[in-house]
Amino acid sequence: MARIDKYGIHDLRKEFPTNDDCLEFIFRTTHSERCSCGGHYKRLPERRQYQCSRCRYQIAPTADTIFEKSATPLTLWFHAIFVFSSAKNGISAKQMERELNVTYKTAWRILRLIRESLHNEKHRLLGDVEMDETYFGGKGDAGRNNKDLGRVMDDKAVILGAVERDGEIRAEVVKDAKARTIGQFLHNNVERIKTRLLTDESNRYDLVARMYHRQSVNHSLHEYARGDVHTNTIEGFWSHVKRSISGTHKAVSKRYLQSYLDGFVWHYNNRHSDRDRFSALLFALLR
Ligand SMILES: [Zn+2]
């Protein structure tokens, strides 16, 4: 999909040249300039606070946001948000450290706070929806006759995903790929009526997707598409995530996998415009 508008680092610097500009934006996004007493809020000099001209009530716009207790200047935060929102292959703490010229620890903390603040959409998908599972990480091989298959698979994280064609994606790290888990994921993320569910031939779907209008392709018979019945979109997303993680992050522990995954899902769902993606992230952080 073509990018509708470009938003680069120069645009960012022009829009938010100083810490005061960033604070003003945060204030205007989260509060009304007018106090309920009829007065107007004005910035207190040298402080991250606004005060009502009549009743003297004070507002700290960064309270309860990720900016609150941070010694990092707001312009640097905005720069970090811009970098994160532009990096569709993800960004490591090492890269963020270089980009912002801060310590590794600060870069790591900024990235963690941004990832944790992402609010992905939760409404259910409908229409043509592809669903698939993938396995991530883990070491070792299954040995002769697959005698260690159980152990190797236990090490791997299971991810379930569903994508609406030309629409949004949902992806979740789950405890296993059993039919019941798949059923729960489907129930939470995909509308039953008005949906054509596209999957591979796995019989786990037979059990849980009975209520759905489902069509499948048989990968084990090397059938990857039959007309418009295929799972190429979701498989493309899996390979993008895997390539990006091995290229950018080298390794991601199971513990943080969901938050990295949320980052990729968020980028996918906000893929149409650079400027919108930057504001969407900024607004998400201010909620
Ligand atoms: Zn007032």
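Angles under 35 degrees count as roughly parallel, over 145 as roughly antiparallel, 65 to 115 as roughly perpendicular and the rest as oblique. Keep that scale at hand for the helix pairs on this tour.

This is a predicted model, in which local features need pLDDT of at least 70, side-chain atom pairs count only at pLDDT 80 or more, and totals for chains, interfaces and linings use all residues. Residues are numbered from 1 along each chain as its sequence is written.

**Whole chain**

Show the whole chain. Its C-alpha atoms fill a box of roughly 75 × 40 × 35 Å along the principal axes. Color by secondary structure to find eleven helices and ten strands. Helices (H or I, at least four residues) and strands (E, at least two) are DSSP runs, numbered from the N terminus. Of the 287 residues, 25% count as buried. Buried means 20 or more other C-beta atoms within 10 Å of a residue's own; exposed means 12 or fewer, and partly exposed is in between, with C-beta atoms placed from the backbone.

**Helices 4 and 5**

Select residues 93-100, helix 4, and 104-117, helix 5. Their axes come within 8 Å and cross at roughly 110 degrees. Axes are lines fitted to C-alpha atoms, for helices over the stretch in contact, and angles run from 0 to 180 degrees between N-to-C directions. Helix 4 and helix 5 are therefore roughly perpendicular to each other. Their crossing is right-handed: the near helix is turned clockwise from the far one by less than a right angle.

Now show the side chains. Ala 93, Met 96, Glu 97 and Leu 100 in helix 4 meet Tyr 104, Ala 107, Trp 108, Ile 110 and Leu 111 in helix 5. This contact has eight nonpolar, no polar and one charged residues. Ala, Val, Leu, Ile, Met, Phe, Trp, Tyr, Cys and Pro count as nonpolar, Asp, Glu, Lys and Arg as charged, and the others, Gly among them, as polar. Residues are in contact if their C-beta atoms, placed from the backbone, lie within 7 Å.

**Helices 3 and 11**

Move to residues 74-86, helix 3, and 274-286, helix 11. Here the axes come within 9 Å and cross at roughly 125 degrees. Helix 3 and helix 11 are therefore oblique to each other. This crossing, too, is right-handed. Among the residues that meet are Phe 82 and Phe 84 from helix 3, and Phe 278 and Leu 281 from helix 11. The contact has seven nonpolar, two polar and two charged residues.

**The cores**

Next, select Val 129, Val 163, Leu 261 and Val 265. Of the 26 residues in the largest nonpolar core, these touch the most other members. Such a core is a set of buried Ala, Val, Leu, Ile, Met, Phe, Trp, Tyr and Cys residues joined through C-beta atoms within 7 Å. Elements that give two or more residues to this core include strand 4 (125-136), strand 5 (157-164) and helix 9 (232-249). Helix 10 gives the most, with five residues. A second, separate core of 24 residues includes Leu 23, Trp 77, Ile 110 and Leu 111.

**Two loop residues**

Glu 46 is exposed, with 6 other C-beta atoms within 10 Å. Then go to Asp 166, in the loop between strand 5 and strand 6. Asp 166 also has phi near 65 degrees. With 9 C-beta neighbours inside 10 Å, Asp 166 counts as exposed.

Key
Two residues are in contact if their C-beta atoms, placed from the backbone, lie within 7 Å.
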